[in-house]
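Morning, everyone. Have the sequence and the model open, please, and follow along as I go.

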Amino acid sequence: MKIAVVGTGYVGLVSGTCFASIGHEVVCIDNNKDKIDNLNNRGVIPIYEPGLEDLVKQNVAEGRLEFTTDLKAAVAASDVVFIAVGTPPRPDNGQADLKYVYQVAEEIGEAIDGFTVVVDKSTVPIGTAEEVTAIIEKVNPEADFAVVSNPEFLREGFAIDDFLNGDRVVVGVENSQAEELMKEVYIPLEKRGVQVLMTRVKTAEMIKYASNTFLATKLGFINEIADLCEKVGADVDQVAHAMGMDTRIGAKFLQAGPGFGGSCFPKDTMALEYIAKENGCDLSIVKATIDSNVNRKLRMAEKVAEALDGSLEGKTIGVLGLAFKGNTDDTRESPAIAIIKEMQKMGASIKAYDPAAIEEAKHELTDVKYGSDEYSVCDNADALVILTEWTQFAVLDLELVKAKLNNPILVDLRNLYSVAEVTTKGLKYYSIGR
Ligand code: UDX
């Protein structure tokens with residue numbers, strides 16, 4: 001199957017490369033010439049995703065994957081064209097900004113040659129497939145095409161595995177010819193045991209928002225339970241473990257922390273709330289999840305202050321973690337960034353380290369010193385604060401940490417350690433919900 005993917009970001013590049021790795025002939029398109037040259041000539045990929053660089057190089061070498069800025073030629077030669085460009089939230093009301101999707105839809109419309117399936121892979125509001133259809137019909141009334149919805153369920157840092165071994169593929173399609181082609185696209189995954197669900201277009205668009213918003217709500221719930229656990233003297237990790245034993249609840253996404261971040265949960269919850277408002281529907285639980293998460297990130301700075309006798313004024317804080325989660329360089333809506341800014345407002349000086357996200361963080365932070373490793377930020381710091389769940393932060397030499405700190409204080413907002421592990425090393429330990 002000849003596939004084109006427009007957009008070489010977290011979704012487009014992973015999807016295109018994985019489509020090639022399951023046997024399709026794939027052209028990934030981007031309007032950023034430098035990105036494309038780097039991908040074609042140097043095998044340099046524009047994002048941090050474990051395993052992706054090797055997979056790109058392997059599929060390029062085997063002739064199933066190439067990169068171009070020439071959308072027209074790529075679309076004309078393809079049976080299925082995936083739209084995988086950004087849909088950022090509007091800053092004022094959280095509505096998904098579809099200008100990139102619509103721009104690409106126009107360009108695709110002009111380039112269509114022969115029956116073509118146009119796929120919304122980007123997370124788009126319910127009803128967008130109809131808009132894309134209208135745009136293509138307008139720019140090319142002769143075009144023989146169908147627009148389908150095929151939302152992604154990829155977690156950054158685990159995206160390749162989530163694509164190749166995901167729980168399900170969802171395709172929203174209402175055209176038999178398009179349905180046949182989409183079935184052909186995903187046959188290799190079905191053979192690996194991945195379930196492929198065919199449904200109506202708007203249902204597929206809703207499945208994506210409902211899934212992400214539910215996961216965000218599950219996180220918001222356990223984070224609030226953690227706060228109550230601290231007050232009543234319960235252990236939230238054990239509460240979550242026991243809750244997860246109930247298969248109706250499930251063990252995943254019950255790790256209490258500083259709040260959720262990333263390019264999806266904050267964006268998708270706000271977009272769904274906006275869609276609901278537009279349709280006269282009050283999703284009060286979604287709104288509560290959004291508000292609870294925003295407030296949480298700010299309250300975490302107060303938690304650090306409490307560990308330092310109530311004030312951060314003039315204090316130096318060593319920080320481990322800048323990315324919104326471990327295994328990524330992405331700092332979009334990162335709790336770490338929000339918490340650092342809040343601690344700076346409270347008068348703290350920050351020294352931070354992250355294995356992958358320092359360069360990204362520099363675009364969002366000022367007056368932060370950056371360390372070369374997880375121990376350099378401890379030198380003469382008044383406390384060490386863990387903000388991102390990188391594995392290497394869970395196996396620190398706590399005696400070395402203690403020796404470097406001015407005060408033996410560890411604030412662990414990801415519960416990477418047990419209380420005993422830390423206190424037996426002579427450190428005061430503050431964590432979430434315990
Ligand atoms: C998410 C969805 O998981 C994925 O299915 C969708 O396609 C895109 O959005 P992602 O944003 O990459 O993926 O990150 P995810 O792994 O879901 O984590 C989101 C946030 O929740 C991170 O800040 C993470 O630290 C936090 N989190 C996650 C917790 O605090 N506790 C958990 O138990 C899990």
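By buried I mean under 20% relative accessible area; exposed is over 50%, and partly exposed lies in between, with a 1.4 Å probe and protein chains only. On that scale cysteine 229 is buried, at 5%. Cysteine 378 is buried too, at 0%. The structure has 0 disulfides, a disulfide being a pair of cysteine sulfur atoms within 2.5 Å.

Now the ground rules. This is a predicted model, where local features need pLDDT of at least 70 and side-chain atom pairs count only at pLDDT 80 or more, while totals for chains, interfaces and linings use all residues. Residues are numbered from 1 along each chain as its sequence is written, and side-chain values use heavy atoms, leaving out hydrogens and water.

Next, the layout. The chain is divided into domain 1 (2–199) and domain 2 (244–430), with bounds from an automatic or database domain assignment. Their centres, taken over C-alpha atoms, are 33 Å apart. Domain 1 puts 17 residues into the contact and domain 2 puts in 16; contact means heavy atoms within 4.5 Å.

How much area do domain 1 and domain 2 bury between them? About 1,400 Å², with 58% of it on carbon and sulfur atoms. Buried area here is the accessible area (1.4 Å probe) that two parts lose on being put together, summed over both. On the domain 1 side, Tyr10, Tyr48 and Glu156 supply 36% of the area buried against domain 2, more than any other three residues.

Stay with glutamate 156. Its side chain meets that of arginine 332 in a salt bridge, at 3.7 Å, N to O. The cut-off is a side-chain nitrogen of Lys or Arg within 4 Å of a carboxyl oxygen of Asp or Glu. Between the two domains the count is 1 salt bridge. There are also 5 residue pairs in polar contact, both residues at pLDDT 80 or more. A polar contact is a pair of N or O atoms within 3.5 Å; within protein, one must be able to donate a hydrogen and the other to accept it, and residues adjacent in sequence count only if both atoms are side-chain atoms.

Serine 263 also reaches glutamate 156, through a side-chain polar contact of 3.5 Å. Serine 263 sits in the loop between α10 (236–244) and α11 (265–278). Helices (H or I, at least four residues) and strands (E, at least two) are DSSP runs, numbered from the N terminus. Is serine 263 buried or exposed? Buried, at 16%. Leaving aside neighbours within four places in sequence, serine 263 contacts Glu156, Asp330 and Arg332.

On to α13, residues 335–345. Its buried residues include Pro335, Ile339 and Met343. Among the elements covering them are α12 (284–307), β9 (316–320) and β10 (349–353). At the start of α13, a side-chain oxygen of serine 334 comes within 3.1 Å of the backbone nitrogen of alanine 336. After α13 comes glycine 347, with a positive phi near 100 degrees.

Last, two buried spots. Threonine 8 lies in the loop between β1 (2–6) and α1 (12–21), buried at 1%. Its side chain makes a 2.7 Å polar contact with that of aspartate 30. Methionine 182, in helix α8 (176–191), is buried at 0%. Not counting residues up to four places away in sequence, methionine 182 touches residues including Val80, Phe82 and Met198.
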